[in-house]
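The following paragraphs lead the reader through a structure, from its chains to individual residues. The sequence and coordinates are shown first.

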Amino acid sequence: MARAFDFPGGIHPPARKAASTQHRIATAALPRRVILPLGQHAGQPAEPCVEVGQRVDTGTRVAKAQGLISADVHASITGEVVAIGSYPVPHPAGREETCIVIEGDGIRDDWALLPSLDWRRADHATLHARLDASGVVGLGGAGFPTQVKARVRERNAIDTLIVNAAECEPYISADDMALREHAADVLEGARLIAKLSGAQRIIIGIEDDKPEAIRALERGIAAGQAHPLPISLKPFPARYPSGGEKQLIKRLLDREVPSRGLPADIGVLCHNPGTLLAALQAVRDGRPLVSRVITLTGEALARPGNVEARLGTPMNELLATAGLDDDRLARLIMGGPMMGMELSRLDLPVVKSSNCLIAATLDELPPPPAEQPCIRCGACEDACPAGLLPQQLYWFARSREHEKAELFNLFDCIECGACSYVCPSHIPLVDYYRAAKSEIRANAFEARKAEHAKHRFEFRQARIEREAAEKEARRQARAQAAKRPTSMAANSTTSAAESTAQPQPATADADLKSLRIAQAAAKAAVRKAEKVLARVSQSTSHKGQPQGQSDGEIEDLEVQLATARENLAAIEARLAAAKDAAAGTTQAPTPPSRSADTDQERTP
Amino acid sequence: MSLMHQSQVSRQPTDTGRVMAWLLLSTLPGIATLTWHFGLGVLSNVLLAGAFGIGLEALVLRLRRRTVRPVLADNSALVTGVLLGASLPPGTSLWLILVGMVAAIVVAKQLYGGLGQNPFNPAMVGYALLLISFPAAMTQWAAPHGLLSADGLSLGELLARVTGMSSGMNTGPGVDAWSGATPLDAFKHKPDALLASEFWASNPLPDGTQAAWRNVALAWLAGGALLLYKRLIGWQIPLSMLTAMGVLAGFSYAVDPSHHGSPAFHWLSGAAVFGAFFIATDPVSAATSRKGKLYYGAGIGVLVMLIREAGAYPDAVAFAVLLMNFTVPFIDYYTQPRTQGHARPNRGIKVTRLDDEEAS
């Protein structure tokens, strides 16, 4: 019954997961000091809401979400905020970011829990607010705020929730272990998200090299038969990158996410098991996201395994506990070996998207040999899971022929690294694609900035016009109010008044019509801006995306959306004024009222 | 960027240098069979051309102030030399080989920027230049006397020929003994009055020529099978090229078997198999998408047959490959695969800014 469809290409790298799946998930020692970056998620960094010197409990909110796509950050230990400043964070270029540093005594652990909710009874608004207040984001690596994703039904009808348990990248076993130990909770979390998104069924996609997790899920599904929502488990043979959202959907449902679109466009929502678990804990236990399961592996570790670590824990503490041999450590990788990033230092904090740390020896993951010329052998084409021509994209990216690169669908590249993996000339192809993408985005950003200035100018014009129109409406209303009694008394002035009033209804009608059209257009513009924003923020938040670009882009889009909203408000005000004016000339004078708010667009 | 690479975990040849090394290994059956039938002149061709390839590449790299050793380690110059050497008539003069290799390595490859940048197949550029410039020397093949036979060229005679000491092939008493035409050449210049069966019955070629050519073609096929097995080449180009040749040859043979060669004759008598597996599959100058490779191979097959049947040359793999090299950018633009999430593949070269708003 589990029909499997297929995506093109794919590779079979060695899994190397056995080392970290020997023992149950351990709980890491409570750190004495945590460093909490404000940008652990896709979108805008959060804004600190605590002061240096303030005492916080575990779970106290220390930073508040900013903008549409953002997430709260919570204290992960009990202690005192000792600093808010720039610290190095896990980033491919070794960037520093604003972080909140909390110090505790390593023993006290007082929790600031939110009240427990029964998700079956609670209404959607309450659940959304809870997810919002818990800082839950996608734990698979993308870090997209779960709360924002949960609201997707406001724009798209969702029929299927996919639990992405493929975990196809080598080394990583965090989801596997979480499923083995918490399968029932993951399933309940899935039902919670399915309720919020309106999905009619839940499908769990998992690679068949995780037999224990599959058995745990089967038991969980059998135990939860009473629940009406059908859950089906679909194991499939391991092949990288079947855990890529688009590839997984293709494999399970034979639906293709449209280019530059989202799974939601085809009625699908994908969640990682860890995220579902965190969402359930936030709702059922009132526990904000302050810890996560992280795989510690690599041959430089004496005791590899999975640990539940508090966010902000310095990585070197975790690695030391796992028995790191400094002399053998050649490279430290956060994430998997295909899409992860190499870290230049060991004292970086664990963040919400840290699913795996690989302490690799030189023999295990040797540095890449020198890049050789591309001979267009086409090995990358055979490996590409998106049906691209990586060899052509490479030429275009290298020679900065951006238009041609876009024509060859550069932006459909999911940066999975399968092409680099097979390239006989050891070309870091994905690096070229990322560079080309960010250059294209930067160019588009410049263009948008000009556009943006234009929007602002147009908005200002609109506002001035609106104020003038309102003023004019009020003046007319006053004039009418003054005229009526006099026209009753003295007929002689009527003809004169009529001759001046006569052309007015006609022009007012025309005005009304054009304003209604303008209103519809402005509404469409707002809707479009919302859609583009949601789309860009989700697609750019895809794994491995350098954070900087998407931030700037999202910020700009948010301003654009605000401008579109203001434009709409302005036009509605003008429309109301024109209506009043028309009403004033044809009927009894009414006081000018602002009905703009009644027609206000629902905010997403 | 993937921090893991196939070469760290797999036994498949996943390194350009090793890919080329396997390619060289795959040429061994063909070269061995050629040598077996046509004598040591084959080996002198291959060795000289290979040595010139490496020497010229090193020279140009030095002139271009590039690092020499890592580039030579990719073995591509050696491959070009071996392939050109194997295509030349046995015992070709040193000077001809040098001219051919200069055209191949210096002009066709390095002047365009080195490995990966050349739009034309270097070995075939060298071969075509020699064929056009020195047609007499390039169309005289040794008779298949065999490596050990006394009728063949002795080592001394070979040395004299290769170094240009002997005064040429059309003089001297022994010349007829070792030189002759290829079956394709002979058949092409068959008198019109003769039917094919009468022509072959008249024994126009030295004994065993056809069998020798057939064996050589089969040996190249074996090497090609190794390339396919090792996944160093795709099946698309050899299959479409040989199929196109077979279809055209089959058609003309069906219409008039007395004046046209059969498909088997066309496949096994000339450079068709060698070209299909070792020349046309050069990835740098071939079409790059899987679909494009089908068109590219078929185009070569069609051109080979057209030139063989209607052109001035008995064989035409070099010209066909070079002509199709011209069409590669065009083919590549029109044979993009369908990307996931797109309803249909992109086609053509209209470069306009794509509308990034949703279509719906």
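Chain A has another make-up, with 15 helices and 17 strands. Its 604 residues include 52% that are buried. Among contacts in chain A with a separation of 6 or more, 75% connect residues 24 or more positions apart.

The average pLDDT of chain A is 84, and 86% of the residues score at least 70. Residues 492–503 of chain A, however, have a pLDDT below 50, and this stretch has 6 contacts in the model beyond near neighbours in sequence. A pLDDT below 50 is also found over residues 542–550 of chain A, a stretch with 19 contacts beyond near neighbours in sequence. Where pLDDT is low, the predicted coordinates should not be read in detail.

The two chains meet in a contact that takes 52 residues from chain A and 36 residues from chain B. On the side of chain B that touches chain A, the elements giving two or more residues are α1 (6–9) and α2 (16–38) of chain B. Helix α1(B) supplies the largest share of that side, 3 residues. By class, the side of chain B that touches chain A consists of 17 polar, 12 nonpolar and 7 charged residues.

Attention now turns to an annotated group of cysteines in chain A. An unreviewed UniProt entry gives the annotation "binding site" to A:C374, A:C377, A:C380 and A:C423. These positions are spread over 50 residues of sequence, yet they cluster in space, with a largest C-alpha distance of 10.7 Å. Where in chain A is A:C377 found? A:C377 belongs to the loop between β17 (356–361) and α8 (379–383) of chain A. A:C377 counts as buried because it has 26 C-beta neighbours inside 10 Å, where 20 or more are required. Apart from neighbours within four places in sequence, A:C377 is in contact with A:P424 and with B:P283 of the other chain.

A:C380, by comparison, lies in helix α8 of chain A. It too counts as buried, because 28 C-beta neighbours lie inside 10 Å. Not counting residues up to four places away in sequence, A:C380 touches A:P390, A:Q391, A:C419, A:V422, A:C423 and A:L429.

The loop between α10 (402–407) and α11 (418–422) of chain A holds A:G417. A:G417 is buried, because 29 other C-beta atoms lie within 10 Å. Its C-alpha atom is separated by 30 Å from that of A:A183, which is 234 residues apart from A:G417 along the chain. The loop between α10 and α11 of chain A also contains A:N409. This asparagine has a positive phi, near 60°, in a residue other than glycine. A:N409 counts as buried because it has 25 C-beta neighbours inside 10 Å.

Most residues other than glycine have a negative phi, and most peptide bonds are trans. A cis peptide bond, with omega about 0°, joins A:Y240 and A:P241. A:P241 is located in the loop between β11 (231–236) and α5 (245–253) of chain A. In chain B, B:N75 is not a glycine but has a positive phi of about 65°. B:N75 is placed in the loop between α4 (69–72) and α5 (76–87) of chain B. With 20 other C-beta atoms within 10 Å, B:N75 is buried.

An unreviewed UniProt entry places "modified residue: FMN phosphoryl threonine" at B:T182. Is B:T182 buried or exposed? B:T182 counts as buried because it has 22 C-beta neighbours inside 10 Å. The residue lies in the loop between β2 (179–180) and α11 (183–188) of chain B. Leaving aside neighbours within four places in sequence, B:T182 is in contact with B:W141, B:W213, B:G270 and B:P314.

The axes of α14 (residues 236–255) and α17 (residues 290–310) of chain B come within 7 Å and cross at roughly 35°. This crossing of α14(B) and α17(B) is right-handed. The residues of their contact comprise 16 nonpolar, 6 polar and 3 charged.

Key:
Residues numbered from 1 in each chain as written. Chains lettered and ligands numbered in written order. Predicted model: local features only at pLDDT ≥ 70, side-chain atom pairs only at ≥ 80, totals over all residues. pLDDT = per-residue confidence, 0-100. Contact = placed C-beta atoms within 7 Å. UniProt positions renumbered as here; feature names shortened; annotations may be inferred. Helix = DSSP H or I, 4+ residues; strand = E, 2+ residues; numbered from the N terminus. Buried ≥ 20, exposed ≤ 12 C-beta atoms within 10 Å, placed from the backbone. Nonpolar A, V, L, I, M, F, W, Y, C, P; charged D, E, K, R; others polar. Axes fitted to C-alpha atoms, helices over the stretch in contact; angles between N-to-C directions. Left-handed = near helix turned anticlockwise from the far one by under 90°.
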